[in-house]
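Work through the exercises below with the coordinates loaded. Each task is followed by a solution in steps.

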Amino acid sequence: MTNNSGFSGFPREGVDFLGELKLNNTKPWFQEHKNEYEKFLVDPARAFILEMGTRLTMLSPSVTFDPRIDKSLFRIYRDIRFSKDKTPYKTHLAIWFWEGNRKKVENSGYYFQLDADLFLLAVGLYTFPPDLIDNYRQAVDDDKSGQELITAVELVESKGYDVSAETYKRVPGGYAQDHPRMRFLKYKGFGAMKAYPINEILHSTYLIDFCYNVYEDLSPLHNWLVKYVTK
């Protein structure tokens, strides 16, 4: 994919918009300010996706990135059908670069999220689909792939990143309750992340380099998931 993005950072007005949306999460307010959303968030997000996606091919040659909404750029509209929270809009911007042939959120990938007070970078697979959970547990249980996981986790954590996930209360049936990698057998998903306060990097072209460096630090976990779980 040719990179003609012209990305120059996320403007301050986009961050301001997200802050205002938290205070005015209604359809009338959003419709009145939709042009600001498009100009200060959607347009730079699409440019970011093109440039960041192109750069990520250096880490993951088969990474998928697509600047359309509902592809790499998540919708801002919330699905409120089964939620007690009926506010119509997400108050953050979310972007996803994934590697694999499954539905996009069923693959491991690289994540970017922008909120009014921080931006977050992460890799991994938030929740294992039912048909992948056995792949994951078997890879954790196996001595070879399990040790590769420990090595990757120790490397990532040594650089100050948080490796975590939602967990089950117990080690799943069929595995020893005192398994040496019991921590990971309890995981419902798997990933690593770090949040950063809003700063000048976000508003500059250097954001691409900054994100790439973080994703490179986190890539051992992504690569392990691609190799053993989502293959």
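Buried means under 20% relative accessible area, exposed means over 50%, and partly exposed lies in between, with a 1.4 Å probe and protein chains only. The model is predicted, so local features need pLDDT of at least 70 and side-chain atom pairs count only at pLDDT 80 or more, while totals for chains, interfaces and linings use all residues. Residues are numbered from 1 along each chain as its sequence is written, and side-chain values use heavy atoms, with hydrogens and water left out.

**Exercise 1. Classify lysine 144 as buried or exposed, and list its contacts.**

Step 1. Lysine 144 belongs to helix H5; helices (H or I, at least four residues) and strands (E, at least two) are DSSP runs, numbered from the N terminus.
Step 2. The relative accessible area of lysine 144 is 53%, so this residue is exposed.
Step 3. Contact means heavy atoms within 4.5 Å. With neighbours within four places in sequence left aside, lysine 144 is in contact with Lys227 and Tyr228.

**Exercise 2. Describe how helix H5 packs against helix H7.**

Step 1. Two packed helices are described by the angle between their axes and the distance between the axes. Axes are lines fitted to C-alpha atoms, for helices over the stretch in contact, and angles run from 0 to 180 degrees between N-to-C directions.
Step 2. For H5 (residues 143–158) and H7 (residues 207–228), the axes come within 8 Å and cross at roughly 160 degrees. H5 is therefore roughly antiparallel to H7. The cut-offs are under 35 degrees for roughly parallel, over 145 for roughly antiparallel, 65 to 115 for roughly perpendicular, and oblique for the rest.
Step 3. The H5 and H7 crossing is left-handed, a term for a near helix turned anticlockwise from the far one by less than a right angle; clockwise gives right-handed.
Step 4. On the H5 side the contact includes Lys144, Leu149 and Val156. On the H7 side it includes Leu221, Trp224, Lys227 and Tyr228.

**Exercise 3. Find the aromatic pairs and assign the geometry of phenylalanine 30 with tyrosine 77.**

Step 1. Rings of Phe, Tyr and Trp (its six-membered ring) pair if their centres lie within 6.5 Å; planes under 30 degrees apart count as stacked, over 60 as edge-to-face and the rest as tilted. The search over the whole structure gives 27 aromatic pairs.
Step 2. Phenylalanine 30 and tyrosine 77 have ring centres 6.0 Å apart and planes at 70 degrees, so this pair is edge-to-face.
Step 3. The two residues are 47 apart in the chain, with phenylalanine 30 in helix H2 (residues 27–32) and tyrosine 77 in the loop between H3 (34–56) and strand E1 (93–98).
Step 4. Phenylalanine 30 is buried at 0% relative accessible area, whereas tyrosine 77 is partly exposed at 30%.

**Exercise 4. Characterise isoleucine 76 and aspartate 70 in the loop between H3 and E1.**

Step 1. Isoleucine 76 is buried, at 3% relative accessibility. Among the residues it touches are Leu21, Phe30, Tyr37 and Pro88.
Step 2. Aspartate 70 is partly exposed at 41%.
Step 3. Most residues other than glycine have a negative phi. Aspartate 70, although not a glycine, has a positive phi of about 80 degrees.
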